Amino acid sequence: MKTFGTLVPQSQNAKKVPYGVINGNSAYLPYLTANGLSFIVASRLIARFFGHTATYAPLLTITDVTPFTNMDLLHKLATDLENNGIPFAISTTSISVNTDLPAYKRFTSELQWVENHGGVVFLRTPVVYYPKASTQGQLTQLMQTQIRRLIDRQVFPVGLSAPNYWNQDLVYRPAALSYSNNVILTQNPSEAKNADADNTAGVYKQAFYGLQEHSLETVHSGTNLAQTDLSFSSPTAVTMTMPDSQKDLTGLVKRVSAAKVSWLDPSAGKFSGTTTVANQRAHYRNGNYYLNGQLTVVPTYNPPKQTKPAPVTPTGALNTFFSVDGVFLFFFMIVSLIVLLAFYIVGRQVYWRMFKKK
């Protein structure tokens, strides 16, 4: 009999029991939580039960990146992670309209910076609020347009990212997840809005299960990545939300640097990704990008240096009027004082002569 994990009862006198047990051809779990340390232990049991003993390095994934993200923070995050020797992935949404605006060019330029500084890009599926019969056609067109626009800007998604339930939906799966052989399946939202749920799932070359970083904290001791030596029995993406301030960015980099985890390096030989849409095929292997089989060099992007603007002095006809009028008034006052001083001297002399004895 093989045991996995330990359940600690609330009563101090109660006996500790295993969380999971394999006994011959049977396996037992008291419950299955698709998150946290219980999921890690459960995945170990399931992997061992089916004869798999391999372990996987987790893929550090920064989520909630959008075209509206603070691009300066994204730039610095990629730079700081690379400087600390930490490979990573970005899960980002995109747009299919207004792609000729400067804001979109800055957004894609920062994704180029990510590609050139130790990171890879996963395209996040959009949010569907009211799924209906026409959802598949609309979603197909949206995803294809977004991928084409990114490739045109030399941003090459190595995979796709979506909530877990999208892979069990007969509409979402072909319309959004069929363009790449890599996916990150993140935790389902509190309310899943299926279009046409089925009991099957897509099979991919590499499917990462998205596990939120804060879910790895244990209930009783609050241990985190820096205090827990974790191993994963299935491909896993440890997700962290894109910071929205310099303080949060510093904390994220500090936690990741202190983690007792060997992060998956996408540029290593074990990882590759292909995204195909229409007649465009983007491929990533050994840190290199290929478009339709041809090696492609991603441009090096350097954001413009921010300098303080010189103080602006308002100018105009009215300002000129006051400027000229001020000079005229100054000289008028000087001349008036000189004349008054002359009148004073002459008047004083006349006054004294009136009282002199003749």
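**Close-up 1. Phe-343 in helix 7 of the predicted model.** Phe-343 belongs to helix 7, which spans residues 317-355, and because its relative accessibility is 61%, above the 50% limit, the residue counts as exposed. Together with Val-327, Phe-330, Phe-331, Ile-334, Val-335, Leu-337, Ile-338, Val-339 and Leu-340, Phe-343 makes a nonpolar surface patch of about 1000 Å².

**Close-up 2. The second largest pocket and its lining.** This pocket, with a volume of about 500 Å³, is lined by 25 residues, among which Thr-63, Asp-64, Gln-212, Thr-239 and Thr-241 lie nearest its centre. Two or more lining residues are contributed by each of strand 4 (59-65), strand 5 (88-92), strand 9 (206-212), strand 10 (236-241) and helix 6 (246-258). Sorted by class, the lining of the second largest pocket comprises 14 polar, 6 charged and 5 nonpolar residues.

**Close-up 3. Gln-154 in the loop between helix 4 and strand 7.** Most residues other than glycine have a negative phi. Gln-154, although not a glycine, has a positive phi of about 60°, and the residue is placed in the loop that runs between helix 4 (135-152) and strand 7 (159-163). With a relative accessibility of 26%, Gln-154 counts as partly exposed.

**Close-up 4. Asn-292 in the loop between strand 13 and strand 14.** Asn-292 is likewise a residue other than glycine with a positive phi, here near 55°, and the loop in which Asn-292 is found lies between strand 13 (288-291) and strand 14 (294-296). Because its relative accessibility is 45%, between the 20% and 50% limits, Asn-292 counts as partly exposed.

Conventions: Residues are numbered from 1 along each chain as its sequence is written. This is a predicted model: local features need pLDDT of at least 70, side-chain atom pairs count only at pLDDT 80 or more; totals for chains, interfaces and linings use all residues. Side-chain values use heavy atoms; hydrogens and water are left out. On a 1 Å grid over the protein atoms alone, a cavity is a set of points where a 1.4 Å probe fits but cannot get out, and a pocket is an open set with protein on both sides within 12 Å along at least five of seven lines; lining residues have an atom within 4 Å of a point. Grid points are joined across faces, edges and corners, and a volume is the space filled by probe spheres set on the points. Helices (H or I, at least four residues) and strands (E, at least two) are DSSP runs, numbered from the N terminus. Ala, Val, Leu, Ile, Met, Phe, Trp, Tyr, Cys and Pro count as nonpolar, Asp, Glu, Lys and Arg as charged, and the others, Gly among them, as polar. Patches are made of residues with over 30% relative accessible area and no salt bridge: like charges are joined within 9 Å, nonpolar side chains (Val, Leu, Ile, Met, Phe, Trp, Tyr) within 5 Å. Accessible areas come from the Shrake-Rupley method with a 1.4 Å probe; for residues, only the protein chains shown count as cover. A salt bridge is a side-chain nitrogen of Lys or Arg within 4 Å of a carboxyl oxygen of Asp or Glu. Buried means under 20% relative accessible area, exposed over 50%, partly exposed in between (1.4 Å probe, protein chains only).
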